[in-house]
Amino acid sequence: MEGLSVILAAVPQGAAALLLVVTAVIGYLLGNCNGAIMISRLVLKDDVRTHGSGNGGLTNFQRTYGGTKLTVIVIAVDMLKVVASVYIALGLFSLVLAEPPLFVKYWAGIACVVGHVFPCTLHFHGGKGILCGGTLALLVDWRVAVFAWGLFLLGVVLTRWVSFGSVLAGTAFGVSSAVFHPTPSIAVPALLAGALIVWKHRANIRRLVRGEEPKLSLHRKKAQP
């Protein structure tokens, strides 16, 4: 047993509901800590969302500012907030369960992804969730991680379109989670999270169809004033 039913069977209903709400809120608020936006504002005194695609994510940050050190910090922030969300949730559920089910990781991690994509502290204008989703894949199941990261890398290497790899990865996360963990309380949220990531790339998909999507470049593109 790995789904929500484990919690509902072992924990009083009120306590279970409280823990689910608290861990979701913590995950969502941690998701609001957007690495690209934070670093562009605090370090560069700018807002990455005013450049390039207008997205507050890693790819737009790299294209706009370049620089290995700052990019690594952005990556660290967006990965560590997912790790923190998951392990805080595991710690809280460990107070009432000897071994929290896998559902807890998905629950807290997906809440963090939603917080990254729709941050209330940033007028609900955040990133696209691909790095957060990729981090969650690493935490929940190595098989899900292999499919998500494998298809992402394959898509980027073959086409040099990060957005194409991201769409493949988002789809792979949802589908592989549902295949390996068909419990509805895991499969449904995972599929929805994967669909959210793909939906956030809808503008990229339109540009891909028109052949207008920029390809990956490690060189900095000078930001327009």
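I began with glutamate 213 in this predicted model, and found that glutamate 213 forms a salt bridge with arginine 207, the closest N and O atoms lying 2.7 Å apart. Glutamate 213 is buried, at 5% relative accessible area, whereas arginine 207 is partly exposed, at 22%.

I then searched the whole structure for salt bridges and found six. One of them joins the side chains of aspartate 141 and arginine 143, at 2.8 Å from N to O; here aspartate 141 counts as buried at 7% relative accessibility, and arginine 143 as partly exposed at 29%. I also noted that Arg41, Asp47 and Arg49 are linked in a network of salt bridges.

In helix α5 I looked up lysine 81 and aspartate 78, which are three residues apart, about one turn of the helix, and whose side chains meet in a salt bridge of 3.1 Å, N to O. Lysine 81 is buried at 5% relative accessibility, and aspartate 78 is buried at 2%.

Threonine 71 lies in helix α5 as well, which covers residues 68-93, and counts as buried at 10% relative accessibility. I found a polar contact of 2.6 Å between the side chains of threonine 71 and glutamine 62; beyond four places in sequence, threonine 71 is in contact with Leu58, Phe61, Gln62 and Gly66.

Last, I checked the cysteines for disulfides, and the count came to zero. The closest cysteine sulfur to that of cysteine 33 is in cysteine 112, 8.3 Å away and so too far for a bond. For cysteine 132 the closest is again in cysteine 112, at 5.1 Å, also too far. Cysteine 33 is partly exposed at 31%, while cysteine 132 is buried at 1%.

Key: Residues are numbered from 1 along each chain as its sequence is written. This is a predicted model: local features need pLDDT of at least 70, side-chain atom pairs count only at pLDDT 80 or more; totals for chains, interfaces and linings use all residues. Side-chain values use heavy atoms; hydrogens and water are left out. Helices (H or I, at least four residues) and strands (E, at least two) are DSSP runs, numbered from the N terminus. Buried means under 20% relative accessible area, exposed over 50%, partly exposed in between (1.4 Å probe, protein chains only). A polar contact is a pair of N or O atoms within 3.5 Å; within protein, one must be able to donate a hydrogen and the other to accept it, and residues adjacent in sequence count only if both atoms are side-chain atoms. Contact means heavy atoms within 4.5 Å. A disulfide is a pair of cysteine sulfur atoms within 2.5 Å. A salt bridge is a side-chain nitrogen of Lys or Arg within 4 Å of a carboxyl oxygen of Asp or Glu.
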